[in-house]
Amino acid sequence: MTSTLLSLKKEVRFKAIQVIKSTLKGEDLQAALDNTLSQLLDTRDKALLTELSYGYFRYKNQLEFIWQRFIKKSAHLPLEINILLSTAVYQLLYLSKIPAYAVISWSVEFSKQNYGEKLAGLVNAVLRKISQLSLEEDFFKQDKADTLTFLSRKYAAPTWLVRYLLKDLGEEKALKFLASSLSRPLSSVLLAKNCDLSALREAIEENTEVGFSIKKGREEEVFRFLEAKKCLFYNQSIESQKILLSLLEEKDHLVWDACAGSGGKSFILSRVNKKVIASDINWKRLCFLKKESKRLGFTLMGVLRASAYALPCAQVEGILLDVPCSGLGVIARRPDIKWKRKEEDILNLAKIQKKILSKVASRVKKGGKIYYLTCTLTRKENELQIAEFLTAYPQFSLEKQILPDCSRQEVFFGACLHRK
Ligand SMILES: C[S@@+](CC[C@H](N)C(=O)[O-])C[C@H]1O[C@@H](n2cnc3c(N)ncnc32)[C@H](O)[C@@H]1O
């Protein structure tokens with residue numbers, strides 16, 4: 001390997017291409033990123049790697065559409081060049097701090113070393129043209145695009161998803177959601193214990209009783225403060241804290257978190273002094289939950305591998321169902337979901353949710369509650385699912401329902417079902 005090639009492979013932009021390739025093969029974006037971030041020392045390199053990897057998935061089809069306008073036979077390009085062009089376009093059009101010459105010269109050098117002079121020449125010509133482009137809405141209307149194609153390019157979402165949301169939610173809500181899902185939500189944390197945060201007042205955007213979100217650009221300062229004060233925390237979306245907290249009742253003492261996964265909701269329950277039993281079918285996630293609950297100092301009454309189809313218990317006061325769902329409400333934080341989901345997943349997941357609900361119905365004591373949560377906005381998985389359940393199980397009534405707020409960057413649904 002030549003020394004130029006070796007040094008190119010140490011570069012953040014090369015590492016971003018590898019993270020994106022693994023994610024396209026099916027790995028979770030954050031997991032692929034975590035593996036590579038641990039190899040980097042410089043915080044600026046880490047930030048750029050994260051920005052490029054997330055930016056690619058946030059704008060994937062739009063970036064491809066842009067560079068494909070300037071290449072006749074784009075279908076024949078190697079995958080690495082495809083990703084390279086998309087990440088370069090992202091830097092040229094969406095990142096103001098990186099000079100165009102730096103983006104273009106690295107891309108050309110990488111192409112030359114790996115794919116030869118001819119392809120490098122093409123990359124150079126295309127990126128130079130794009131660096132002069134000012135992106136206007138009309139750009140996405142080219143080729144007499146129909147409305148769906150235009151919206152899919154503009155909001156960087158698969159056509160099926162745009163069609164589905166327009167039909168399911170109506171134009172206003174669907175477009176509001178698609179627009180807000182294009183920017184990264186604020187970082188937010190759940191605190192393991194109450195901490196005196198008065199020194200952070202200026203840096204905090206919003207609070208819940210167990211955590212807070214951090215203003216853009218203030219993250220480093222906040223995390224340094226929390227570490228210095230030994231305030232243990234868990235990264236957790238503030239919207240997911242808000243939805244669960246607003247559903248919970250004062251009085252149920254024990255809550256069985258029957259889809260506990262890695263434990264995010266179990267930790268909220270512990271923080272508000274519930275007794276918690278956590279179960280899930282995924283042992284790997286439960287191992288993470290155990291490790292994290294130990295680190296954070298939460299004592300759970302039990303952690304066990306069990307299916308929500310057959311909970312190994314008699315009747316309990318409260319059951320939390322943070323069900324497997326299409327996850328479309330959190331594409332702002334996890335944009336790879338947009339490209340991994342298929343329309344039929346919604347129906348298949350709704351069937352699983354229906355089965356989970358019907359199987360736990362008999363495990364709730366009279367007077368007890370089911371707390372049903374999703375991180376999606378499709379009505380099939382949310383209010384229609386609950387309406388169907390209430391028809392089939394008239395011994396339950398709907399105590400509270402929180403519909404997705406499509407103007408938020410992260411969208412959750414929750415319902416509290418009371419067993420009469
Ligand atoms: C939305 S995730 C839960 C996230 C978790 N509550 C948190 O806050 O981190 C859904 C979970 O449901 C689990 N799951 C799927 N089918 C299940 C079943 N039949 N019984 C129990 N858990 C199931 C998945 O393994 C996954 O961990």
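1. Six residues of domain 1 touch four residues of domain 2, a contact being two C-beta atoms, placed from the backbone, within 7 Å. Helix H4 (residues 43–68) supplies the largest share of the domain 1 side, four residues. By class, that side has three nonpolar, one polar and two charged residues; Ala, Val, Leu, Ile, Met, Phe, Trp, Tyr, Cys and Pro count as nonpolar, Asp, Glu, Lys and Arg as charged, and the others, Gly among them, as polar.

2. This is a predicted model, in which local features need pLDDT of at least 70, side-chain atom pairs count only at pLDDT 80 or more, and totals for chains, interfaces and linings use all residues. Residues are numbered from 1 along each chain as its sequence is written.

3. The protein chain is split into domain 1 (3–135) and domain 2 (238–419), with bounds from an automatic or database domain assignment. Their centres, taken over C-alpha atoms, are 38 Å apart.

4. Helix H6 (residues 100–115) has Val103, Ile104, Ser107, Val108, Phe110 and Ser111 as its buried residues (20 or more other C-beta atoms within 10 Å of their own, C-beta atoms being placed from the backbone; exposed means 12 or fewer, partly exposed in between). These cover an arc of only 165 degrees around the axis, so they lie on the same side of H6; the arc is that of the directions from the helix axis to the C-beta atoms. The face turned away from the buried side carries exposed Tyr101 and Ala102. Helices (H or I, at least four residues) are DSSP runs, numbered from the N terminus.

5. Just after H6, Gly116 has a positive phi of about 95 degrees.

Note on methods: Helix = DSSP H or I, 4+ residues; strand = E, 2+ residues; numbered from the N terminus.
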